[in-house]
Amino acid sequence: MATSTGHHGPLTGFTIGVTAARRRDELVTLLGRRGARVVEAPALRIMALEDDIALRRATEECLAAPLDYVVATTGVGWRGWVSAADGWGRGAALTEACRGAVVLTRGPKATGAVRASGLDETFSPSSEATDELLTWLLARPLAGRRVAVQEHGVRLDDFAAALRERGAEVISVPVYRWAPPEDPALVRRLVEQTVRREVHALTFTSAPAITAFLETAAADELLPATLDAMRGDVLPVCVGPVCARPLTDLGIPVVWPDRGRLGALVRTLTDVLPARSRQELTLAGRPLVLQGNALLVDTENYWLSPKSAALLRALAERPGWVLSRAELLRRAWADSDADEHAVEAAIGRLRAALGPHGSLIRTVPKRGYRLALG
């Protein structure tokens, strides 16, 4: 595998799947600066409404009579709405209509966008959950009240229906919507890499992206294997608890940062991944680190295949101990029909990948292999 020199980043050795569409480049750059290898597979893409007819119609409906409540669900959606209204010469009127209403925001991004447009929010749930916004509204008299709901990529039909059942007039404002990815093959490939444990983590910045990823796995009859991987070796990392809900509802352990920001998501990865897969060794007084799929020696990074890394990790757990071919086969080929000859070939590839450090892997005739650090 490739060898590089220079600074070891905190994520050197780790391969991370990125499913985001919006701000994907920013996330990929943040991960790359920390040494990670990134597999890009946008699970969805955001499509603006081609001619904005539906959005303009909803905006005019909002301006036809005073609004009582306005719900902002995303920062990008709110900014898009205000920008579109400005383009039609209706921006000032929309702002005044919202100023006369009670404004609710879902999370800090929506709150920031609302404040940037010169408005103040009355309520924003700490959980960033749409359900809490609904609960807050349902506790108020709604009969005859007009409520504008800025949608965030998917229709909020259940949200609107609950308000209408209480007598409210609901105006759904569709600023953008999700569409299938431009290259579905990338998502299928990431699903396969997840099943084979070739990625260490998957990042998600929206709940619809998780749903699309799992639907791709199901279409390829890989959903059980994908979920099994995400329960074990492949860490799902989400931007926040609302994003994580499709996975937590399935009992999948998920981590997320305290703040729903890309930088915070990357810091969470930086904290969690090395703790899951990092072994420190010493060779003749020199420190060696096996992290993810890379051996870090001085300023050199020896990137290994997942199989080679699994073999080296097994040997590194007890340096100097001899592991038989059968034991290495069990440890690195758990779900394969490979035989002991595959171990011999893989050890050869591991030695080659380690370059001048390949001699660390010693053959013990008729017994197996050991990691020699003396």
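In this predicted model, threonine 105 belongs to strand β6, which spans residues 102-105. Threonine 105 is buried, because its relative accessible area is 0%, against a cut-off of under 20% for burial. Its side chain makes a polar contact with the side chain of threonine 111, at 2.7 Å. Leaving aside residues up to four places away in sequence, threonine 105 touches Ala72, Ala110, Thr111, Val114, Glu121, Phe123, Ser124, Pro125 and Leu133.

Helix α11 covers residues 241-248. Cys243, Ala244 and Leu247 are buried in this helix. Viewed down the axis of α11, the buried residues fall within an arc of 85 degrees, so they line one face of the helix.

Strand β13 (residues 294-297) is covered on both faces. Ala294 and Leu296 are buried on one side, Leu295 and Val297 on the other. Strand β12 (residues 286-291) runs antiparallel to β13, and 4 bridges join the two. Glutamine 291 has alanine 294 of β13 as its bridge partner. The two strands form a hairpin with 2 residues between them. Glycine 292, in the turn, has a positive phi of about 60 degrees.

β13 also pairs with strand β14 (residues 300-303). This pairing is antiparallel and comprises 4 bridges. Within it, leucine 295 stands opposite tyrosine 302 of β14. The hairpin of β13 and β14 has 2 residues between the strands. There, aspartate 298 adopts a positive phi near 55 degrees.

How values were computed:
Residues are numbered from 1 along each chain as its sequence is written. This is a predicted model: local features need pLDDT of at least 70, side-chain atom pairs count only at pLDDT 80 or more; totals for chains, interfaces and linings use all residues. Side-chain values use heavy atoms; hydrogens and water are left out. Buried means under 20% relative accessible area, exposed over 50%, partly exposed in between (1.4 Å probe, protein chains only). The arc is that of the directions from the helix axis to the C-beta atoms. A polar contact is a pair of N or O atoms within 3.5 Å; within protein, one must be able to donate a hydrogen and the other to accept it, and residues adjacent in sequence count only if both atoms are side-chain atoms. Contact means heavy atoms within 4.5 Å. Two strands pair if DSSP finds at least two bridges between them.
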